[in-house]
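Open the structure in your viewer and keep the selection panel at hand. This tour goes stop by stop.

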Amino acid sequence: MKETDFKVVLWGTQGSVAVNSAKKARYGCNTSCVSAECGGDVFVFDMATGFLPFSDYFLQKYKLPKSIDIFLSHYHQDHIEGLPFAGVSYDPGVSMVFHSQPSEGKSPEEILIECYSPPVFPVNLIREAPPGKFSFDTISPGQSVSTVGGKIIVKSLLVSHPGGSISYRLEYNGRSLCYLSDFEYGNGLSAELLEFLSGADLVVFDAYFTNATLLSGWGHSSWEQGVEVWREAGIKKLAMYHHHINATDEDLDALAAKLAAISDDLIVAKDGMEIFL
């Protein structure tokens, strides 16, 4: 694959909980985290256990001081649990800007303070950080965030998931990445979501279920529904993501074979997978 200045890395592709198992050796065991590097600017979508290998990579590659923009889909543990264990969270040369929505009447800052302070965590991670280490941008679903003088735009859209989840679309230099984790397809794509995904170069798609195992109200979709979305929205490449907790390498190999029979542009996400747009 030709390298470009728009690099996407899938650091954590498992759903629900990280499971270190010989049956998951090839596709990986880390939970949700995807990074995008756009001409030297760094963006992260969710920060579960996949945030730890991202942190190691970031600290090795970039000269500090450096900032990371982090967009959170929601606050369930399998999307934020990597924050207090990553080196970037303690390095004074790394500033981190969190973009997310309020929940249950609390701001993103209040939520993360509660998650990572006693009695549920041994230290006050947010409160005891140096000034400027962590900053918070409260966004409303549907709001766009513009960075680098408008060269990079991140759009947001509320999708169906218990408690509410945000999908993001990052646009840079005529190319686009959509992060659609923890999303329930239901009876079809809304006109709003169809427009949001339309023509994207890459969509990272919640494929926790198959149609045969699909559970209504759980806030997740199936790989078959992912294929429908890919076709309807004219997506160039779609990565099946947020794998079921019981999915083994053998299961995901079988899924990859089914997808390859449809199109080379339908892929199964693996921890550490790099995609250049």
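Helices and strands here are DSSP runs, numbered from the N terminus; a helix has at least four residues and a strand at least two. One more note before starting: this is a predicted model.

**Stop 1: the sheet.** Select β6, β5, β4, β3, β2, β1 and β14. These seven strands form an open sheet in that order, with mixed pairing. Look at the edges next: β6 (134–138) and β14 (273–276) each pair on one side only. Neighbouring strands of the sheet are turned by 20 degrees against each other on average, direction ignored.

**Stop 2: inside the sheet.** Select residues 66–71 and 94–100. These are β4 and β5, which run parallel and are joined by six bridges. Pick Ile70 and find its bridge partner in β5: Phe98.

**Stop 3: two helices.** Select residues 51–61. This is helix α1, which lies across β1 (6–12), β2 (33–38), β3 (41–45), β4 and β5. Its direction is about 25 degrees to β2. Now select residues 108–115, helix α3. Helix α3 lies across β5 and β6, running at about 135 degrees to β6.

**Stop 4: the cores.** Which residues have the most contacts inside the largest nonpolar core? Select Met47, Phe51, Phe54, Ile68, Ile70 and Met96. That core has 32 residues. β1, β3, α1, β4, β5 and α3 each give two or more residues to this core. Zoom in on Phe54. Beyond residues up to four places away in sequence, Phe54 touches Trp11, Cys33, Ser35, Val42, Val44 and Ile68. A second, separate core has 29 residues, among them Tyr185, Val227, Ile235 and Leu259. In soluble globular proteins, nonpolar side chains tend to be buried together.

**Stop 5: Ser73.** Go to the loop between β4 and α2 (77–80), where Ser73 is found. Is Ser73 buried or exposed? Ser73 counts as buried because its relative accessibility is 0%, and the cut-off for buried is under 20%. Show side chains: Ser73 and His74 are joined by a polar contact of 2.8 Å. Further along the sequence, the contacts of Ser73 include Asp46, Gln101, Ser165 and Tyr179.

**Stop 6: Glu228.** Select residues 223–233, helix α5, and pick Glu228 within it. Glu228 has 34% relative accessibility, so it counts as partly exposed. Its side chain makes a polar contact of 2.9 Å with the side chain of Tyr185. Tyr185 also belongs to the second core. Last, select Leu189: Glu228 and Leu189 are 39 residues apart in sequence, and 9.2 Å apart in space, C-alpha to C-alpha.

Key:
Residues are numbered from 1 along each chain as its sequence is written. This is a predicted model: local features need pLDDT of at least 70, side-chain atom pairs count only at pLDDT 80 or more; totals for chains, interfaces and linings use all residues. Side-chain values use heavy atoms; hydrogens and water are left out. Two strands pair if DSSP finds at least two bridges between them. Axes are lines fitted to C-alpha atoms, for helices over the stretch in contact, and angles run from 0 to 180 degrees between N-to-C directions. Contact means heavy atoms within 4.5 Å. A nonpolar core is a set of buried Ala, Val, Leu, Ile, Met, Phe, Trp, Tyr and Cys residues joined through side-chain atoms within 4.5 Å. Buried means under 20% relative accessible area, exposed over 50%, partly exposed in between (1.4 Å probe, protein chains only). A polar contact is a pair of N or O atoms within 3.5 Å; within protein, one must be able to donate a hydrogen and the other to accept it, and residues adjacent in sequence count only if both atoms are side-chain atoms.
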